[in-house]
Amino acid sequence: MLFNSLEFFIFLPVVFVLFWFLFKKNLKLQNLLIVVASYVFYGWWDWRFLSLIVFSSFVDYTIGVLLKNEEEERKRKILLWTSICVNIGFLGFFKYYNFFVESFIDTFSLIGVELHSSTLNIILPVGISFYTFQTLSYTIDVYNKKLEPTKDIIAFFAFVSFFPQLVAGPIERATNLLPQFYKTRKFAYENAVDGFRQVLWGFFKKVVIADNCAKYANQIFNGTEEYSGSTLLIGAFFFAFQIYGDFSGYSDIAIGISRFFGFNLKQNFAFPYFSRDIAEFWRRWHMSLSTWFRDYIYIPLGGSRGSLSLKIRNVFVIFLVSGFWHGANWTFIVWGALNALYFLPLLLAKKNRVNTDLVAEGKYFPKLKELWQMSFTFFITLLAWVFFRADSVAHAFKYLKGIFDSSLFSLPEVLPYTVLALVALFVSVEWLGRHGQYAIERIDFIKKPLRWSFYLVLIMLMFLFTGEDQVFIYFQF
């Protein structure tokens with residue numbers, strides 16, 4: 001079920017009414033309703049894959065209980081690795097089986113050995129990368145004794161399957177979300193209003209920015225050889241805002257809807273395109289995934305401690321794994337490697353933690369140095385996005401070669417001024433609202449008539465500039 005579908009606009013009010021009016025006095029029934037509603041939400045896509053979520057939830061719930069009662073370290077490790085193998089096994093089979101088979105055959109073909117093997121017509125379950133990491137974090141935290149294992153199986157199943165963030169994040173930690181299923185909830189009008197405002201901004205990002213940018217990004221990427229360097233640069237620019245509007249828009253909608261039901265999810269994007277270096281960018285982009293890799297892979301490997309070779313190894317491991325998490329294609333691995341190359345100079349020069357504050361804090365305009373830093377960081381990020389969007393590594397290199405051509409300085413063949421104006425409006429609002437959790441969080445200081453006029457403008461723009469209906473990009477991951 002999609003957030004931007006008619007079915008969801010019927011589904012959400014029904015769940016809301018049942019949650020707050022019929023079951024408001026019974027926490028267990030509220031949590032059970034969340035489980036049932038989440039399974040309906042997910043099963044609307046393909047009910048067969050509900051068994052994966054149920055099985056994964058049951059395995060990790062059981063292992064959590066067993067870990068609590070087991071003190072022998074060897075047996076604790078066996079339980080932990082059982083959880084890891086089950087979850088990563090499902091993820092590996094559904095997401096990467098064909099990739100490994102095809103790569104194995106291609107490797108042998110390079111030395112003249114032709115192998116014949118068949119791949120499987122495997123359907124990738126929506127959101128499997130997200131809920132797998134969410135439930136894995138629970139088991140790892142219980143193993144490390146950072147979290148008390150739950151005895152409430154309904155609360156745990158609700159935590160794993162919570163429908164607002166089930167299929168595209170944010171990837172929640174059990175330490176943050178699970179305890180919220182234990183507490184009696186009371187409807188807070190202020191939270192609901194704030195949630196509605198964040199949902200509105202998320203839909204604006206998706207419908208007006210992402211979907212309109214997608215039209216031209218797809219057109220240009222699909223016709224790489226037909227366009228000048230300037231047009232190819234415009235295409236990469238549009239994809240950069242398509243993926244940001246699409247993914248951060250989904251996160252805003254998920255976080256806002258969660259607040260309707262009294263839940264608080266973690267911020268997932270913190271205005272990443274205003275970053276002054278690539279390290280700051282990765283602290284602000286898809287924060288729930290970046291911190292997951294940091295806490296469960298990077299730091300256990302040694303992080304930025306140890307010898308120079310270990311530091312380099314750890315950086316490449318974390319970025320390559322991040323790239324591979326996104327998809328079973330060499331383009332994502334190259335994208336990860338390129339970001340590692342961007343990041344390494346900062347780490348080796350010990351400048352990866354320089355820009356930890358908010359850019360131009362308390363000011364309307366950045367300094368010239370900050371403007372240059374943000375522009376350069378955005379540009380190299382944009383070049384990396386080419387690999388993320390391209391159909392193959394060869395396509396990406398062809399696209400980049402086309403950008404850095406003499407035609408880069410010609411007039412673009414594709415230059416939709418209306419969409420560029422919408423992006424400019426969007427960036428302006430994001431810049432003015434960068435102090436909040438989302439761009440229009442702190443709009444309450446504006447008088448009510450002007451505030452409501454602004455909301456109406458956003459809604460009108462969504463009706464006037466509804467782009468071609470696009471599925472959320474991160475559904476494929």
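Predicted model: local features only at pLDDT ≥ 70, side-chain atom pairs only at ≥ 80, totals over all residues.
Let's start with the overall count. A search of the whole structure finds 72 aromatic pairs. I'll show two of them.

A word on how to read them. Two numbers describe a pair of aromatic rings: the distance of the centres and the angle of the planes.

First up, Y138 and F156. Their ring centres are 4.6 Å apart. Their planes meet at 55 degrees, so this pair is tilted. Where do Y138 and F156 sit in the chain? Y138 is in helix α5, residues 128–143. F156 is in helix α6, residues 153–161. Buried or exposed? Y138 has a relative accessible area of 0%, so Y138 is buried. F156 is buried too, with a relative accessible area of 0%.

Next, W335 and W385. This aromatic pair is stacked. The centres lie 5.7 Å from each other, with 15 degrees between the planes. Again, distant parts of the chain are linked: W335 belongs to helix α13, residues 330–348, and W385 to helix α14, residues 368–389. W335 has 2% relative accessibility, so it counts as buried. W385, at 2% relative accessibility, counts as buried as well.

Now the charges. Which residue lies over the face of W325? That is K95, at 5.1 Å from the ring centre. And at W431, the charged end of R434 sits over the ring, 3.7 Å from its centre.

Terms used
Residues numbered from 1 in each chain as written. Heavy atoms only, no water. Phe/Tyr/Trp six-rings, centres within 6.5 Å; stacked < 30°, edge-to-face > 60°. Helix = DSSP H or I, 4+ residues; strand = E, 2+ residues; numbered from the N terminus. Buried < 20%, exposed > 50% of the residue type's maximum accessible area, 1.4 Å probe, protein only. Lys NZ or Arg CZ within 6 Å of the ring centre and 35° of its normal.
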